[in-house]
Amino acid sequence: MFDSFGKILIFMGAILILIGVLFSAGSKIGLGRLPGDIVYQKGNFTFYFPIMTSLLLSLFLTLILWLFRR
């Protein structure tokens, strides 16, 4: 029981590390400022909603998880 729980925790940790690397490296290659990302600025207020970035990350993670399940 605890053996499978440990494997799940390791897997989730690896996914979090991968996401952190993507965010760190992604800003250097333009991820986060793609066409389709919504940025609204008015005075002191900025609203940022990364629609395209979210779609690309979702597609990438879906493909990775699909490959692991095969």
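This is a chat about a predicted model of one protein chain.

User: What should I know before I start?
Analyst: This is a predicted model, in which local features need pLDDT of at least 70 and side-chain atom pairs count only at pLDDT 80 or more, while totals for chains, interfaces and linings use all residues. Residues are numbered from 1 along each chain as its sequence is written, and side-chain values use heavy atoms, with hydrogens and water left out.

User: ok, how many helices and strands are in the chain?
Analyst: The chain has two helices and two strands, where helices (H or I, at least four residues) and strands (E, at least two) are DSSP runs numbered from the N terminus. Along the sequence they follow the pattern α-β-β-α.

User: And is the chain compact or spread out?
Analyst: The radius of gyration, taken over C-alpha atoms, is 16 Å, well over the 11 Å that the globule rule gives for 70 residues, so the chain is more spread out than a compact globule. That rule is 2.2 Å times the number of residues to the power 0.38.

User: How much of the chain is buried?
Analyst: Buried residues make up 10% of the 70 residues; buried means under 20% relative accessible area, exposed over 50%, and partly exposed in between, with a 1.4 Å probe and protein chains only.

User: Which residues of H2 are buried, then?
Analyst: In H2 they are Thr 53, Leu 57 and Ile 64. Seen down the axis of H2, these buried residues fall within an arc of 30 degrees, so they line one face of the helix; the arc is that of the directions from the helix axis to the C-beta atoms. On the other side of H2, Leu 55 and Arg 69 are exposed.

User: Switching topic, where is Asp 37?
Analyst: Asp 37 sits in the loop between helix H1 (2-29) and strand E1 (38-42), and it counts as buried, at 13% relative accessibility.

User: What does the side chain of Asp 37 reach?
Analyst: The side chain of Asp 37 reaches the backbone nitrogen of Leu 34 at 3.0 Å, and the backbone nitrogen of Met 52 is also reached at 3.0 Å.

User: Last one, why is the pair of Phe 47 and Phe 49 stacked?
Analyst: Their ring centres are 6.5 Å apart and their planes are at 10 degrees, so the pair is stacked. Rings of Phe, Tyr and Trp (its six-membered ring) pair if their centres lie within 6.5 Å, and planes under 30 degrees apart count as stacked, over 60 as edge-to-face and the rest as tilted. Phe 47 is partly exposed at 41%, and Phe 49 is partly exposed at 42%.

Conventions: Polar contact = N/O pair within 3.5 Å; in protein donor to acceptor, adjacent residues only side chain to side chain.
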